[in-house]
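Hi,

Here is the structure I promised to pass on.

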Protein chains: 2
Amino acid sequence: MPRRTPALVAGALTLALSLSASAATWQALPDTPPSPADNPQSPAKVALGKALYFDPRFSADGNISCNSRHNVMAGGDDNRPNSIGFHDARGERSAPTVWNAAFHSVQFWDGRAATLEDQAKGPVVNPVEMGMPDLDAAMARLKQIDGYKPMFEAAFPDDPNPITADNAAKAVAAFERTLITPNSPYDRFVEGDFTAMTEQQVRGLVTFAELGCTACHAGPNFNGPKLPTGTGFYQRFPTISGSVYEAKYDLTADTGRHAATGVDADKYLWRVPTLRNVALSAPYFHNGAVPTLDEAVRVMAKTQLGKDLSDAQAADLVAFLNALTGEFPEIAMPRLPGTPGRSVIPAADAHASASPSD
Amino acid sequence: MPRRTPALVAGALTLALSLSASAATWQALPDTPPSPADNPQSPAKVALGKALYFDPRFSADGNISCNSRHNVMAGGDDNRPNSIGFHDARGERSAPTVWNAAFHSVQFWDGRAATLEDQAKGPVVNPVEMGMPDLDAAMARLKQIDGYKPMFEAAFPDDPNPITADNAAKAVAAFERTLITPNSPYDRFVEGDFTAMTEQQVRGLVTFAELGCTACHAGPNFNGPKLPTGTGFYQRFPTISGSVYEAKYDLTADTGRHAATGVDADKYLWRVPTLRNVALSAPYFHNGAVPTLDEAVRVMAKTQLGKDLSDAQAADLVAFLNALTGEFPEIAMPRLPGTPGRSVIPAADAHASASPSD
């Protein structure tokens, strides 16, 4: 059991709060994320979205579901530098966690999707991810699965033609809005339980504020100020170029938001990611090149703040970041509707060398 | 709603029972499968086995879990002709269903594993499946995941050194012994609810007996007589050689049990598989070459019994086989223990061309 010293801890909190720009820097995670007006939550929609999220049949080879790369039984990603896609393809970026993604104002590392609804459609048709030729092909496959029809009807009762890619994306987004991890040691601490974090974690919180990490990693999701959906909070990474880490981890091979927009000013801009459950999503950064959280905080301090951390500072920061690991809801497995007597996955994919249209 | 005619149905049942070799041909699925004396069930063991079953970190690239190929959210297989393994490799055989596998007296298509415990160790180290070099490497990775330690201790409280591959296999087997699907329409029918099957399904049952399918597909799991664990019930497939189906579906490219034993007499011998939930596990047979259940019953009738089915017979048999789809238990997702601040999956696998030891 880590030693906790409530008096010291409460003192440290006061210090930490005084160090921060405003008391609003330290906020617990809300119970409910924002939902768009045109996609209110409902149990039927969440149930449909959960089935779609776990269904591998919307990948070309029937091998990959959303959960394959964003595993909700774990840290919401795949703990790989990059993800394995159709025919063993590898993408250039590391899968971000799905946990608390609903609190991001834009989606993807480069913010190229404004909403979870927009994001959900991307990987299905990405040739190095799920590999479907287009959304129509994915929906054609879905329509062969009779059991989805009543689920779409229940989820979208006012829609005369509910089985659409837009509605599928809405349902997946609704499920993702249930993937929230409250009650981390940090959340309990800022809500007044000063025994919830260890002494080292409190020191880490103070260090986090003192170093200036809160300039970007602020707010309840540690991903910056509250912005309207679709408006991203971006920062340059590396801010300070030329560090040993930049070369070692090839941090500028990918131009980030620039690769999506083509705008020069967007070079090396990245969405500020959440730090919640960051301890569970190694390896780190957009290219997954940094293997440990200890190394990740050193990279951040150097490339963003120009500082070299002592071993003690790094250890304290890592301890604090571990206090951001929340409580994961229990999830019942969906039953995926069957296709009695036949499979919707093309037999032509029986061999690795076959193309999906063989 | 399919039309049911209880009086006709009860008459048909009497007919069916009289056609069978003995009334014991028609049996409901027991609630509990046999367990080996040295591996009694316990909740802690099942919980551990469930986590291991869903954990992709015991595959070389962190991409494949038992559930990836034997999906318990669906029919217990992957609905593919063959499965996708490490670096997009394809095996030669189609994944059999995990549902009710506990009622088989031997495991794998060729019966080369006597028990579920033996079977569980196979795919982990198969180069075209999970691709670990050996079980020691898999256990070395498991031992890096601290959260598994208390789970092994709880599952094997009398074992001073519980974290072993044998115990991991025992736990997975214990979980698999919970994967039972009782209360299919067939089960309810033979237990006296003569409205549980449709008229066509009852006709299919009669056809199934009349044709002689019950010579092999008998007993509560439709996989033959009750035999001691480790003693397989094998049949030749095709029994009658030279059919059009044999060539069309390349049925003799794989020599079956012979490939495992090297014994000439084992050529084209295969374990008689369960027919429970067979409607959900298309495509069919050891090589997954037959796309539909309708075609599968025609292949069986021709190659095993020398008979050409009429369209009506085939439809009735398919209807009956659909009555073998049972009730699937609700399963809560496991939480996979994390490795805070690091990943146990080698970063060297970031590129598809890299070998696992890079």
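The side chains of Arg93(A) and Asp254(A) form a salt bridge, 2.7 Å from N to O (a salt bridge being a side-chain nitrogen of Lys or Arg within 4 Å of a carboxyl oxygen of Asp or Glu). One salt bridge is what the rule finds across the interface of domain 1 and domain 2 of chain A.

Before I go on, the housekeeping: this is a predicted model, where local features need pLDDT of at least 70 and side-chain atom pairs count only at pLDDT 80 or more, while totals for chains, interfaces and linings use all residues. Residues are numbered from 1 along each chain as its sequence is written, chains are lettered from A and ligands numbered from 1 in the order in which they are written, and side-chain values use heavy atoms, with hydrogens and water left out.

Back to the domains of chain A. Domain 1 is 6-29 + 182-322 and domain 2 is 43-180 + 330-350, with bounds from an automatic or database domain assignment. Their centres, taken over C-alpha atoms, are 29 Å apart. In contact (heavy atoms within 4.5 Å) are 32 residues of domain 1 and 25 residues of domain 2. Together they bury about 2200 Å², 54% of it from carbon and sulfur atoms; buried area here is the accessible area (1.4 Å probe) that two parts lose on being put together, summed over both. On the domain 1 side, Leu29(A), Arg271(A) and His286(A) lose the most area to domain 2, together 25% of what that side buries.

Now the two chains. Chain B can be laid on chain A with an RMSD of 0.0 Å by a turn of 180° and a shift of 0.0 Å along the axis, superposing by least squares on the C-alpha atoms of residues with pLDDT of at least 70 in both. That is how a two-fold axis relates copies. In chain B, Ala332(B) has the C-alpha nearest the axis, at 2.1 Å.

What does the contact between the chains take from each? It takes 49 residues from chain B and 49 residues from chain A. The area buried there is about 3800 Å², with carbon and sulfur atoms giving 54%. Met73(B), Met333(B) and Arg335(B) supply 20% of the area that chain B buries against chain A, more than any other three residues.

Cheers
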